[in-house]
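Please read them with the structure open beside you.

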Amino acid sequence: MKDLFNSIRSYLTPKDPASWQTFILLSLFSVVMAAFMSPTAQNIVSSFGWFFLIVAVWWFVYGKDIQTALTFNAIFIKVFLGPWIISTLIVLAVFGSWSGFGDLVGVAPPAFISVAPIAAIIALAPKFIKSSKDKTPEFTIPAVKDRQGMVLFFLSHLLIACWFQFYFLLQGWLNLYPSLMAEDFSRSSFVVRVQPSIQVSRGREVLNAAESDLRDRLNNQSWSAIERWLFESKVSNQWITDLESNVQSRLRNKLGGGEMDLWSLSGKVDADPYDSGAYYNLVLNATWKGPTATQAPHTVSKRCELIPKRMFNRRTKSTIPEATVIGTLNCADVKDAASFIKKV
Amino acid sequence: MPPIINYTDVLPLRAIAFQLLFLFMAIAIEAAVLNERLNLGRKLSMQYSATVNLLSTVVGWIVFFGVESWLPSAARQLLVEYVFFGIRSVPPTVYLIGFAAFLLTFALKLQGIEFLELILEKNTLPTVEEANHPRKFQGRKKQIELSAENQPNRPMAVLWANAFSFVAITVILIIRVMVDQMIPIA
């Protein structure tokens, strides 16, 4: 343990005042100092810490042995990872925050998209600098023979940035229409799912919302009121349009509410097979009208029963209990008509 | 781009694979055509072709992202369907978009070569010197014809190169759509 500490210490001790170790130490010093400061000063000092760290890493990765260690042979070209490391650090310093650190949401898409172009700029920067006679860096226009390679290098990094942007576009679409995640993407020429997992379409949520809305309306109503409602529901479809708008307003503010307009509700009330009036069947269908793998809208349905229930409540000093009949709504769980869920 | 709340494991890996395939195909084909028609030499025509193809790909992506953010909801749903579930019937709009892409990439490639030569401080078009070298012992008419023939016509070369690479990519896409149609819909 002590040996390890000593070796780290000797590695970090600057051999020369102008070396990367100096900047690492400066960075550490800034971080330690920032810990004792008020928030405003902390921000300033910690950004100095980032700056020193970036300079130190920049210096470090361009060291002789390190550069060869970080260079890999791709098929046609050699790829040097140094600029990518520096650019990641720069992006973290600019876009990152300690509060949202760790989860992807904290690091905004612009951060990921800008990593590749910044890496390209870092890698190409040395070509724009030459040392003059008195050893000070000076701006220069790159040599003509280098320019072709530089143009190709920069353009290919821009292409990588475009791919990142496309990934984020896909995520945006999937957040707009979360029900897409229940579909089968195997026909796509653009995307693959890394870990295909069963994902229930949001039709279930839509139907559950519809069920609880109906429950609020029907439960504990007297049976005669319910039968009147059922009779009206056979005549006009007003109840289902009301239900649809209620469900939409209920779910719109939740996750992926953008797709709510693509779910349409339909429903049907039936008497029992013998038309005895003993109970009523209610079928609720939620139909997905958005894009699907099968190019046909798919429907998720839920079966419910409306059952009369006799409630007795005995009043004080009364021998015969008073009976009232109220309705109760019982629903089965959602049955998904689409077959892809079993297949996945 | 809509706001993103949670991230999924849906990656555009196939898009990247197809893009790389088409890019390498287009670069190889166009380099061959440019070499044939402009006498640039193999290396130079390869470099030119790689540069303009990368440039047009990047510009194409940027145009796509720009247009996507302006799409009305119905058109975006159609786009989402094509991206996630493949394309089975090709609507006329797609042909129009393809043709527009052909014209735009042609203009962009022509301009791209111009910019590239500006950056490289090059002037490959043999203009003044050749024209001032009159061939001896030939009729005047023949002279004019010859010089017109020898002058490489760059716009035509780029147009042919672009046409060849578009045809090759279209053939691959047609095969892809046909194979897709053979698989029954689940």
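1. A:Ser47 counts as partly exposed because 14 C-beta neighbours lie inside 10 Å, where buried means 20 or more other C-beta atoms within 10 Å of a residue's own, exposed means 12 or fewer, and partly exposed lies in between, with C-beta atoms placed from the backbone. The residue A:Ser47 belongs to helix 3 (residues 39-61) of chain A, helices being DSSP runs of H or I with at least four residues and strands runs of E with at least two, numbered from the N terminus. The C-alpha atoms of A:Ser47 and A:Val94 are 9.0 Å apart, although 47 residues separate them along the chain.

2. A word on provenance: this is a predicted model, in which local features need pLDDT of at least 70 and side-chain atom pairs count only at pLDDT 80 or more, while totals for chains, interfaces and linings use all residues. Residues are numbered from 1 along each chain as its sequence is written, and chains are lettered from A and ligands numbered from 1 in the order in which they are written. The predictor gives the complex an ipTM of 0.85 and a pTM of 0.80. For chain B the mean pLDDT (the predictor's confidence in each residue, from 0 to 100) is 83, and 81% of its residues reach 70 or more.

3. Chain B has 7 helices and 1 strand, in the order β-α-α-α-α-α-α-α along the sequence. Of its 186 residues, 20% count as buried. Within chain B, 72% of the contacts with a separation of 6 or more are between residues 24 or more positions apart, a contact being two residues whose C-beta atoms, placed from the backbone, lie within 7 Å. B:Glu114, in helix 4 of chain B, is exposed because 11 other C-beta atoms lie within 10 Å, and its C-alpha atom is 33 Å from that of B:Arg14, 100 residues away along the chain.

4. At the interface, 41 residues of chain B are in contact with 49 residues of chain A. Several elements of chain B supply at least two residues each to the side that touches chain A, among them helix 1 (13-38), helix 3 (73-85) and helix 7 (154-182), while helix 2 of chain B gives the most, with 10 residues. That side of chain B divides into 28 nonpolar, 6 polar and 7 charged residues, where Ala, Val, Leu, Ile, Met, Phe, Trp, Tyr, Cys and Pro count as nonpolar, Asp, Glu, Lys and Arg as charged, and the others, Gly among them, as polar. Strand 5 (residues 192-193) of chain A also pairs with strand 1 of chain B in the antiparallel sense over 2 bridges, pairing requiring at least two DSSP bridges, and A:Arg193 stands opposite B:Val10.

5. Helix 6 (residues 109-124) of chain A deserves a look. Its 16 residues should span 22 Å at 1.5 Å a residue, and its end C-alpha atoms are 24 Å apart, which agrees; the expected span is 1.5 Å times one less than the number of residues. The helix bends by about 35 degrees at A:Val115, with A:Pro117 following within four residues, the bend being the angle between axes fitted to the seven residues ending there and the seven starting there. The buried residues of helix 6 of chain A pack against helix 5 (82-95) and helix 7 (144-176) of chain A.

6. Strand 7 (residues 280-288) of chain A is joined by 9 bridges to strand 6 (residues 263-271) of chain A, running antiparallel, and 9 bridges likewise join strand 7 to the antiparallel strand 8 (residues 298-313) of chain A.
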